[in-house]
Each structure stands twice: as structure tokens, then as C-alpha cells.
Amino acid sequence: MKTRAAKSVRTSGYFVTFEGTEGAGKSTLIQLLEKRLTQAGFAVAVTREPGGTPVAEQIRKVILHQEMDPWTELFLYEAARAEHLTHSVLPALHAGKILLCDRFTDSTLAYQGQARGLPWKVIQTLNHTATRGLKPNLTVLLDIDPAKGLLRAKDPNRFEAEGVKFQTLVRKGFLKSRKEDPKRWMTVHAGKHSPEELADEVLARILKAAPAKNAVLRKVRSRG
Ligand SMILES: Nc1ncnc2c1ncn2[C@@H]1O[C@H](COP(=O)(O)OP(=O)(O)OP(=O)(O)O)[C@@H](O)[C@H]1O
Ligand SMILES: [Mg+2]
């Protein structure tokens, strides 16, 4: 088996991740964007973390619903991520697709780092190892008052159950990560705009930024 390359991976696709506190509207926005990008003729794939492959989806069930030591939680996220990279993220990007991913490495920094208190730099190193250095081309932060997000959230899990104080720390973690690499991020105000308005904003950004990143995107069909 090949060892993992020290250098970061190069792909022809365009990788967009969506981050935000519980109930911010990530899944809703991704669904809309998938539809719009497909209508525009692009090859699109949608995935999520933790999850996105059969093994990683099994890990997801354990992570989201069972209490555990924070370090166990962190390693399970990274284990799921390594699997997800190999079997979902890289194949989609190598095929020239626009890949829309619901949560990625920044969630680990925000939840396990800022909110649970595990060391930020250690998480960055583990993220780098699990992703082989692959970074999203664009990360969309759906920023919302964490309390408002929690009221909207529909998918109960033990992170939601931690409440507003925890989600406020999570939001702080996203802001810290954004500060470290601001060019990678775009922030949308998820509490103030409709999903359609948010989709317009993000779509415009993807269509503008993808060519500038030299993405060689695969077109499946054109609807003129
Ligand atoms: N921009 C918006 N304005 C108002 N309501 C919204 C908006 N976006 C999503 N919603 C609604 O908020 C709820 C939560 O949205 P969604 O499930 O997309 O959030 P999420 O960020 O994926 O949540 P989770 O973190 O639990 O996965 C849904 O009922 C959705 O219809
Ligand atoms: Mg969701």
C-alpha cells in the first residue's frame, strides 16, 4: 500500500465546505446549491462529515449519539475523515466535480478544540494528516445567533443537547479558524436571509472563484 504523500493533494475539482453551529441552515443551503449547479450543467457531488462512506457513516452514529472521552471523539472524527477522503472526497475532486461537503476540518477545530478544550494545534496536525493536506477551496460560514440556530435545529444529537453556551463556543471556534485563513472563507448571515438568497450569494461566489483556482470542472449537460 502507498504511504500518504507529505505534500498536499492536487485535484481538478472545486471543494466547498459548509460550516456553522447547529441549525444554521447548512443542509438546506447545500440542497439548493446542488440543484442550481446541476441545472447550470456542472457535475456536482454532495457529502457530509462525519460520514459520506459506509464505514464513516457507522462512525457517525457512534459519535453523535454516545457519550465518550473528548479524545476518543476527536480520533473517531479523524478516523471517519481519513475514510471519507479516500472513498468520497478525492474521487469526486479527481473527477472534476464541484463537491459540496456539510462540515469538515473547521468543525473539529470549533467543536473539539474551542468548545471541548482540546489543543488547537494538535487538532490542526491531525486534520492535516487525515486530509493529506487537502484544504477546501472555499469554506462557507453560515453565521447565526447560536440560540436561534438551536431553535431551528431538527436533527437531535448530543452536541445540540449541550445547549447555547456550548454552541457559542463553537461559533467562536469558527471565527478563530476564519481569522487564521480569511481568504478561504466567505460568511453569510444565515439568520437574516432566506435559503434562496443565501444560495444566490454562494452560487455567484463559486462561479467566480472556481476558474480563478484553475479548477477544471466537468460539465454534464447544458441547459442553455
Ligand atoms: N435561511 C434560512 N432562513 C430560515 N429558516 C431556515 C434557513 N435555512 C434553513 N432554515 C430552516 O432551519 C431548519 C434547520 O436547517 P438545516 O437542517 O438546513 O440546518 P443545519 O445547519 O443543517 O442543521 P444541523 O446542524 O442540525 O445539521 C430547517 O427547518 C430549515 O428549513
Ligand atoms: Mg444539517
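Helices (H or I, at least four residues) and strands (E, at least two) are DSSP runs, numbered from the N terminus. This is a predicted model: local features need pLDDT of at least 70, side-chain atom pairs count only at pLDDT 80 or more, and totals for chains, interfaces and linings use all residues. Residues are numbered from 1 along each chain as its sequence is written, while chains are lettered from A and ligands numbered from 1 in the order in which they are written.

**Stop 1: ligand 1.** Select ligand 1 and the 17 residues around it (C-beta, placed from the backbone, within 6 Å). Gly25, Lys26, Ser27, Thr28 and Arg152 come nearest. Now colour the helices. α1 (26–39) and α8 (195–212) each supply at least two residues of this shell. The largest share, three residues, is from α1.

Colour by class next. The shell holds five nonpolar, seven polar and five charged residues. Asp, Glu, Lys and Arg count as charged; Ala, Val, Leu, Ile, Met, Phe, Trp, Tyr, Cys and Pro as nonpolar; the others, Gly among them, as polar.

**Stop 2: helix α5.** Select residues 120–131, the twelve residues of α5. Show Ile123, Leu126, Asn127, Ala130 and Thr131: these are its buried residues (20 or more other C-beta atoms, placed from the backbone, within 10 Å of their own). Look down the axis of α5: the buried residues fall within an arc of 120° (directions from the axis to the C-beta atoms), so they line one face. They pack against α3 (70–94) and α4 (105–115) (contact: C-beta atoms, placed from the backbone, within 7 Å).

**Stop 3: after the helix.** Select Arg132, which follows α5. The phi of Arg132 is positive, near 55°.

Terms used:
Expected span 1.5 Å × (residues − 1). Buried ≥ 20, exposed ≤ 12 C-beta atoms within 10 Å, placed from the backbone. Contact = placed C-beta atoms within 7 Å.
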